Amino acid sequence: MNNTKQASSSFTRNELILVSGPSRGGKSRWAESLLAEAPYVTYIATASDHPEDSNWQDRVRLHRERRPKHWHLVEPGLDLILALTVLTANQAVLIDSMGGFVASHLELDEIAWSSISNKLIKTLNTRSYSCVLVIEETGWGVVPTTKIGGLFRDRLGELTQKLDRIADISWLVLQGRAINLHSVSYPVP
């Protein structure tokens with residue numbers, strides 16, 4: 001049995017699974033593989049559509065072509081928290097990715113951001129369905145030269161740590177390989 005089958009067969013109802021990693025590391029493919037056995041999946045894409053960006057459109061096309069045809073797709077323009085509250089218990093949800101959620105709320109001040117991110121945590125913590133959440137890892141490379149770039153990096157990093165505290169499993173995907181962080185690491189005090 002290959003590693004992907006082992007991981008997907010361990011998926012149980014009502015789990016919250018995080019999948020993080022750098023760009024082009026394989027995190028979306030891994031997240032999708034975790035739900036390969038799920039009979040009903042709602043796939044929520046959070047990034048804004050960029051019709052003028054051909055490279056972005058190529059990435060979106062690859063994601064669409066890779067997903068099973070029976071998955072229900074919800075694309076940009078949604079209120080993520082509202083979408084999560086109306087889902088039913090008989091399904092699995094894949095959110096790809098938290099970077100889109102953070103980017104769509106960068107205009108919020110710290111108090112409003114704290115409120116909406118806490119509402120997301122509460123919604124995910126009280127859900128009645130399985131959820132796989134893809135999260136970009138930032139901060140390992142070039143330090144952002146803009147204030148908004150730094151704000152995005154910091155908010156995404158803080159949100160990732162908060163989500164990890166309520167997650168059942170947390171995967172780090174690098175170079176096309178997945179590491180179960182909860183099984184090989186210790187929480188930082």
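A polar contact is a pair of N or O atoms within 3.5 Å; within protein, one must be able to donate a hydrogen and the other to accept it. In this predicted model, such a contact occurs at the start of helix H3, where a side-chain oxygen of Asp 53 reaches to within 3.1 Å of the backbone nitrogen of Asn 55. Helix H3 covers residues 54-66. Its 13 residues reach 18 Å from the first C-alpha to the last, close to the 18 Å expected at 1.5 Å a residue.

Helix H2 spans residues 27-34 and is mostly covered. Seven of its eight residues are buried. Among them are Trp 30, Ala 31, Glu 32 and Leu 34.

Glu 32 is also one of the residues in contact with Tyr 43. Tyr 43 is found in strand S2, residues 41-45. Tyr 43 counts as buried because its relative accessibility is 2%, and buried means under 20%. Beyond its neighbours within four places in sequence, Tyr 43 also touches residues including His 63, Trp 71, Leu 94 and Asp 96. The side chain of Tyr 43 makes a polar contact with the side chain of Arg 67, at 3.5 Å. Asp 168 lies 125 residues from Tyr 43 in sequence and 20 Å from it in space, C-alpha to C-alpha.

Strand S5, residues 130-136, is mostly covered, with six of its seven residues buried. Strand S1 (residues 16-21) runs parallel to S5 and is joined to it by six bridges. Strand S4 (residues 92-96) also runs parallel to S5, through five bridges. Leu 133 of S5 is the bridge partner of Leu 18. Ile 95 stands opposite Leu 133 as well.

Definitions and conventions: Residues are numbered from 1 along each chain as its sequence is written. This is a predicted model: local features need pLDDT of at least 70, side-chain atom pairs count only at pLDDT 80 or more; totals for chains, interfaces and linings use all residues. Side-chain values use heavy atoms; hydrogens and water are left out. Buried means under 20% relative accessible area, exposed over 50%, partly exposed in between (1.4 Å probe, protein chains only). Helices (H or I, at least four residues) and strands (E, at least two) are DSSP runs, numbered from the N terminus. Two strands pair if DSSP finds at least two bridges between them. The expected span of a helix is 1.5 Å times one less than its number of residues. Contact means heavy atoms within 4.5 Å.
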